[in-house]
Amino acid sequence: WRQEFGADPALVGREIRMQDRLFTVIGVMPDSFSDVPENNGERIDVWVPLERAPGLFGAPVLTDRGNRLMWVVVRLAEGATLASAQAELTALSAHIAEANPATNANFTFRASALSATFFAEARRPLWLLLGGSLFVLLIGCVNVANLLLVRSADRSREFAVRPAVGASASRLVRQLCVESLLLAAAGAIGGLLLAAWLTPVLLRLSSITLPNFSAVSIDVTVVVMTVMMSLACGLLFGFAPMWRASRTTAQSLLAGGAGRVAGSSRTARWLAGVEVTAAFVLAAGALVMLQSLSALTATDLQFRSDRLLTVRLELPQERYATPAARALAGDRLRERLAALPGVEHATIWGPAMFARATWVAFLASADTAVRDNERLMAWRHSTNPGALRDLEIPLLAGRDFTAGDTLDAPFVAIVSQATAARLWPGQDPIGKQLRTSTAPNAPLTTIVGLAADARHRGRFRSTTGAAAYEPQLDIYMPYAQRPNALVVFGVRTNARPDTQINAVRAAIAGVD
């Protein structure tokens with residue numbers, strides 16, 4: 001709305017053109033809205049009715065019962081559980097499979113919590129940060145409590161005289177309680193002001209891009225929790241000085257023979273022990289978190305990503321309606337981009353962005369009978385001859401794609417080590433054949449190469465448990481044989497990639 005239409009308030013009701021089709025704008029979403037796919041690095045600009053998808057993308061998403069591209073976000077009814085929802089979905093799956101055995105045999109819907117599916121990566125680091133902040137709070141509270149103890153010792157004469165002239169112990173405790181709460185309130189206000197000033201500064205300095213759902217800000221929840229924690233800490237850590245002051249009498253003061261209460265304080269020693277222990281735990285936890293952050297940012301993606309400008313296009317359905325037209329366009333675009341001054345090479349990729357694999361293929365060995373729901377799900381990448389070499393992904397066996405791997409030639413593919421080990425454990429995958437489609441007459445795909453494993457889902461693991469540490473499953477296919485309308489180009493430059501943006505746009509416009 002801002003970038004393309006200048007935040008025009010009269011935009012609603014007007015027609016705009018996308019993919020050579022007219023759409024009427026019926027609303028503008030606020031900045032605060034974050035769509036779920038944005039967690040995977042997707043940028044969402046426009047929402048259209050699902051019924052318009054076939055015309056936009058040329059995909060039979062509404063008529064093909066074998067389609068596995070859709071997922072749904074639901075809100076459970078009052079009192080419903082994830083288990084009860086899964087039971088309903090299982091029954092629905094059985095009904096669909098019985099009515100459509102050709103495309104949906106052994107097909108099952110799966111229900112999972114949204115937080116477990118999309119927010120798992122952020123959950124554990126945020127809990128660790130919260131635990132670290134609580135340790136900082138504990139150390140600060142113990143410090144203040146010790147200072148209050150020292151101050152109460154300095155005020156021992158006052159605490160001894162006041163009861164002697166008629167002040168009750170409860171009144172003395174109330175006075176100290178008010179002092180502690182005022183001190184806690186001052187700390188809370190100062191902390192909130194400091195956080196409000198530092199938060200945007202730290203976010204700008206951070207090299208980590210957070211997904212929109214995990215926006216860091218000072219909101220009502222933070223303020224309420226700060227007030228509640230401050231009140232609780234003021235009462236809890238002000239209790240020791242209150243208790244000591246309530247036990248100070250004129251007799252004990254005279255018995256000490258000085259202006260201070262004689263003897264060491266067991267409470268002070270206990271608080272000092274808690275403070276030292278918490279400090280050691282906090283220091284150890286901070287060291288572990290720094291090591292984890294260092295390892296996270298230094299994780300090897302196992303393919304070369306430096307100085308790589310990524311360009312994502314969607315070929316209009318009308319002008320590129322056939323696979324041959326899309327394959328030709330992809331080849332012409334890649335050649336034009338590779339010929340630009342300052343460009344080392346250009347690589348066809350897709351349909352998903354580099355390090356953000358979202359498109360999958362369901363694989364089954366041609367010599368093994370498996371049910372559809374038992375097929376191996378692997379990340380699918382359509383690319384060009386030489387792309388693995390350009391990305392420095394080693395080819396361990398077999399051959400790379402060639403210019404002869406076109407629509408007229410038999411389908412071929414390169415699989416990663418992990419994929420080959422799952423499909424043909426202990427066997428040489430070269431020459432093996434795969435089923436990549438559930439259609440009964442779909443052509444088989446022959447494996448011509450074995451590539452080393454790479455992290456095409458990025459350095460952040462999107463699952464939890466043992467599966468998070470397993471190698472990712474990948475299959476590479478020639479773009480000339482599987483030409484998608486959605487295509488990504490990787491343009492490796494000699495200098496900073498952003499210096500080539502205008503030249504890349506001009507080169508693309510020269511082709512279309």
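Begin by selecting helix 4 (101-104), which is part of what covers the buried residues of helix 3. Helices are DSSP runs of H or I with at least four residues, strands are runs of E with at least two, and both are numbered from the N terminus. Buried means under 20% relative accessible area, exposed over 50%, and partly exposed in between, with a 1.4 Å probe and protein chains only. The model is predicted: local features need pLDDT of at least 70, side-chain atom pairs count only at pLDDT 80 or more, and totals for chains, interfaces and linings use all residues. Residues are numbered from 1 along each chain as its sequence is written, and side-chain values use heavy atoms, with hydrogens and water left out.

**Helix 3**

Next, select residues 82-99, the 18 residues of helix 3. From first C-alpha to last, helix 3 reaches 26 Å, close to the 26 Å expected at 1.5 Å a residue; the expected span is 1.5 Å times one less than the number of residues. Colour Ala85, Ser93, Ile96 and Ala97, the buried residues of helix 3. Seen down the helix axis, these buried residues fall within an arc of 105°, so they line one face of helix 3. The arc is that of the directions from the helix axis to the C-beta atoms. On the face turned away from the buried side, find the exposed residues Ala83, Glu88, His95, Glu98 and Ala99.

**Serine 93**

Zoom in on serine 93, which lies in helix 3 and is buried at 1% relative accessibility. A polar atom of the serine 93 side chain lies 2.7 Å from the backbone oxygen of leucine 89. Which residues does serine 93 touch, not counting those up to four places away in sequence? They are Phe107, Thr108 and Phe109, where contact means heavy atoms within 4.5 Å.

**The largest nonpolar core**

Now select Val311, Leu337 and Phe489, the residues with the most contacts inside the largest nonpolar core, which has 20 residues. A nonpolar core is a set of buried Ala, Val, Leu, Ile, Met, Phe, Trp, Tyr and Cys residues joined through side-chain atoms within 4.5 Å. Elements giving two or more residues to this core include strand 3 (308-314), helix 13 (323-338) and strand 12 (486-493). Helix 16 supplies the largest share, four residues.

**Cysteines**

Finally, select cysteine 177, buried with a relative accessible area of 19%, and cysteine 233, buried at 16%. The structure holds zero disulfides, a disulfide being a pair of cysteine sulfur atoms within 2.5 Å.

How values were computed: A polar contact is a pair of N or O atoms within 3.5 Å; within protein, one must be able to donate a hydrogen and the other to accept it, and residues adjacent in sequence count only if both atoms are side-chain atoms.
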